[in-house]
Amino acid sequence: MNEQLTILLVVIPLIAAPITALFKNKDIAWAITLLVSTACFVLSVIIMLDVIDGKHVIYELGGWRPPWGIEYKIDALNAFIALIVSGIATISSIYAKSSVEHEIDDSTIPLFYAAFQLCLLGLLGIALTGDVFNLFVFLEISSLSTYALISMGKHRKALTAAFSYLILGTVGATFFLIGVGFLFAASGSLNTADIAQRFETFAHMQLVETALIFMVLGIALKAAVFPLHSWLPNAYSQAPSAVSVFLSATATKVSIYALYRVLFDLYPVQYWVDMLMPQILLSLGCVAVIYGSYRAWQQVEMKRLLAFSSVAQIGYMIIGLALLNQNGLTASIMHLFNHAVIKATLFMGAGILLYRANTTDLGSLRGMGRDIPWSFAAMVIAGLSLIGVPGTVGFITKWYLLESAIETGQWIVVVTIVIGSVLAIGYVWKIVESLYFRSSRKVHIHAVESGDDSVGKTPIGMAVALWIGAGLCIFFGLNTDLSFDAATTAALSLLKQ
Amino acid sequence: MIDYIVGHINYWLIIAVMMVGLYTLMSRSNLIKKLAGLAMFQTAVILFYVSLGKVDGGTVPIVAEGYTLYSNPLPQVLMLTAIVVGVATTALGFALVIRIKEAYESVEEHEISQMDEKE
């Protein structure tokens, strides 16, 4: 029974997206999107409960036996990623209704939602598939819809941001495709499990090493691992708010997941340890944390600040991966979830400010925090999580990351985490200071349609979504059972222990 | 040595096409030319896959009397998908260029970034 559910996760948005595009009515389009995301979320929860104790669910597409056919092999990690993606999709669709009506032309709203569902489909597909070429196809489905979504931003800079993301994203995906081709030439197979099983028979070929480098580079571009992050700040800060919320929480996370799969499942760990890959990743991760946090601290525009903070947070995930022990990997996987929740909440807050004041420029927003105390409180909760204050989700990750760094004696990582946290305090304080403690100033409202009375209050959907996010930051900070169990099971299965 | 170079002639040519594409992509300021470079880069990968499937002396993969050696059809099937992805990417890229032209009155990257900085 559950095997069939896995494919439904991909099929439901695939069928719903073109139908959504046919409707002219923006409310119907939104309702379908909400329904689809909720359905995917419920399915992911059911699958998650099934695999959390280490079982597998296997689905063979079209009844073709692997390695010839495409196989979906769901373990705790797949289900966890699918859960993050569909959960965030649900929250962003609740949030999207008013935000999208505010930012996008009525006539293109159904198309927007269709692209949103395609993006969801692509990301879920990456999370589920056990076939490397299929992974490439889903990567491109999600990327193509992402470019379209980003280009719908209000400002014309959104177009150039989408274009440069298109160029870099396609180069990244093509690199991945080259890597897959090399590996296929060496192994004659595209099935992850099959390649891993027969790895010894072709491990001596130079081709295999080149394939790994191409694949890792391609995915790192997609995941915005420092120094390949240059597309991210523009793309996230120019995209429509609902898109920033969804993408910042899911797109890079799914690419990091693909990195786990390539490094731990496709290749034996010892193989890339011999290539000094952990050292390289560890250094890049540390630089990313410090550079990202520092650049975030420099920004004066809130969405850009949050985007640079994402670069830093991706650094933490890479560090966790490169530490190569159970605690580190658990922290890395948990941070996928924790950061998704935190960053979604913060971008939702930024979207509310954009909705009400039509700007996210911190200078123009002075004193706004006192006018919107509730939304601002939710943002502060998420900001504290980003810093890693005890009782919030951010603390849990940093705790395990520190534990793992001390276990392996990587003191540089300890220092990096401390510096990163201090800088995080700096940039979160920057938001709090200008929104709450600066003397308030008449907000410069740019280009608001005349007679628009919606600016005065936060729409209920946006407020609900924001508080769901803030609630999750606290809930999973205090009650870590679900996320910790899932992450531990996933880490153990990756490390083959 | 000569045998090695001549024997892999298809791969050398593919690498050349790939590098021309990548160089165009990086060096040109005109967005249309950038997309052309990107399309070449992708095409080179498609050619690479297709030439992977060729088996010396192999025939088309249809089971028939008298033939035992077949070329591998799988890479070509994969590339059908990749071609579709490539076309979609190029189309989306051109659509973006048209919108950029409307918004900026230019398709030259350096002019556009100058305009962005002025704001």
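Helices here are DSSP runs of H or I with at least four residues, and strands are runs of E with at least two. By that count, chain B has five helices and zero strands, while chain A has 21 helices and two strands. Please keep in mind that this is a predicted model.

**Chain A overall**

- The radius of gyration of chain A is 21 Å, close to the 23 Å from the globule rule for 497 residues, so chain A is as compact as a globular protein of that length.
- Taken along the principal axes, the C-alpha atoms of chain A fill a box of roughly 70 × 55 × 40 Å.
- Of the 497 residues in chain A, 62% are buried.
- Among the contacts in chain A between residues at least 6 apart in sequence, 81% join residues at least 24 apart.

**Chain B overall**

- Read along the sequence, the pattern of chain B is α-α-α-α-α.
- Chain B has a radius of gyration of 20 Å, whereas a compact globule of 119 residues would have one near 14 Å.
- The C-alpha trace of chain B spans about 70 × 35 × 15 Å along its principal axes.
- Buried residues account for 24% of the 119 residues in chain B.
- In chain B, 41% of the contacts with a separation of 6 or more are between residues 24 or more positions apart.

**Where the chains touch**

- Chain A gives 21 residues to the contact and chain B gives 25.
- On the chain A side, helix H5 (132–151) and helix H6 (157–187) each supply at least two residues.
- H6(A) provides the largest share of that side, 13 residues.
- By class, the side of chain A that touches chain B has 13 nonpolar, five polar and three charged residues.

**Helix H1 against helix H4 in chain A**

- Helix H1 (residues 2–22) of chain A packs with helix H4 (residues 109–128) of chain A at an angle of about 165°, and their axes are 8 Å apart.
- Angles over 145 degrees count as roughly antiparallel, and H1(A) and H4(A) are therefore roughly antiparallel to each other.
- The crossing of H1(A) and H4(A) is left-handed.
- Residues making this contact include A:Leu9, A:Val10, A:Pro13 and A:Ala17 of H1(A), and A:Tyr113, A:Gln117, A:Leu121 and A:Gly125 of H4(A).
- The contact of H1(A) with H4(A) has 17 nonpolar residues, four polar and no charged.

**Helix H17 against helix H20 in chain A**

- Helix H17 (residues 373–387) of chain A and helix H20 (residues 460–478) of chain A pack at about 35°, with axes 9 Å apart.
- H17(A) passes H20(A) in a left-handed crossing.
- Among the residues in this contact are A:Ser375, A:Ala378 and A:Ile381 of H17(A), together with A:Trp467, A:Ala470 and A:Cys473 of H20(A).
- The contact of H17(A) with H20(A) divides into nine nonpolar, four polar and no charged residues.
- A:Trp467, found in helix H20 of chain A, has 17 other C-beta atoms within 10 Å and is partly exposed.
- A:Trp467 and A:Ser375 are 92 residues apart in sequence, yet their C-alpha atoms are 7.9 Å apart in space.

**Backbone spots worth a look**

- Most residues other than glycine have a negative phi, and most peptide bonds are trans.
- A:Phe226 and A:Pro227 are joined by a cis peptide bond, with omega about 0°.
- A:Pro227 sits in the loop between helix H9 (206–223) and helix H10 (231–238) of chain A.
- A:Leu276 is not a glycine, but has a positive phi of about 65°.
- The loop between helix H12 (269–273) and helix H13 (277–298) of chain A holds A:Leu276, which is exposed, with 9 other C-beta atoms within 10 Å.
- B:Glu105, also not a glycine, has a positive phi of about 60°.
- B:Glu105 lies in the loop between H4 and H5 of chain B and counts as exposed, with 10 C-beta neighbours inside 10 Å.

- B:Ser106 is in the loop between helix H4 (74–104) and helix H5 (109–118) of chain B.
- With 15 other C-beta atoms within 10 Å, B:Ser106 is partly exposed.
- Not counting residues up to four places away in sequence, B:Ser106 touches B:Glu111 and B:Ile112.

Key. Residues numbered from 1 in each chain as written. Chains lettered and ligands numbered in written order. Predicted model: local features only at pLDDT ≥ 70, side-chain atom pairs only at ≥ 80, totals over all residues. Axes fitted to C-alpha atoms, helices over the stretch in contact; angles between N-to-C directions. Parallel < 35°, antiparallel > 145°, perpendicular 65-115°, else oblique. Left-handed = near helix turned anticlockwise from the far one by under 90°. Contact = placed C-beta atoms within 7 Å. Nonpolar A, V, L, I, M, F, W, Y, C, P; charged D, E, K, R; others polar. Buried ≥ 20, exposed ≤ 12 C-beta atoms within 10 Å, placed from the backbone. Rg over C-alpha atoms; globule rule 2.2 N^0.38 Å.
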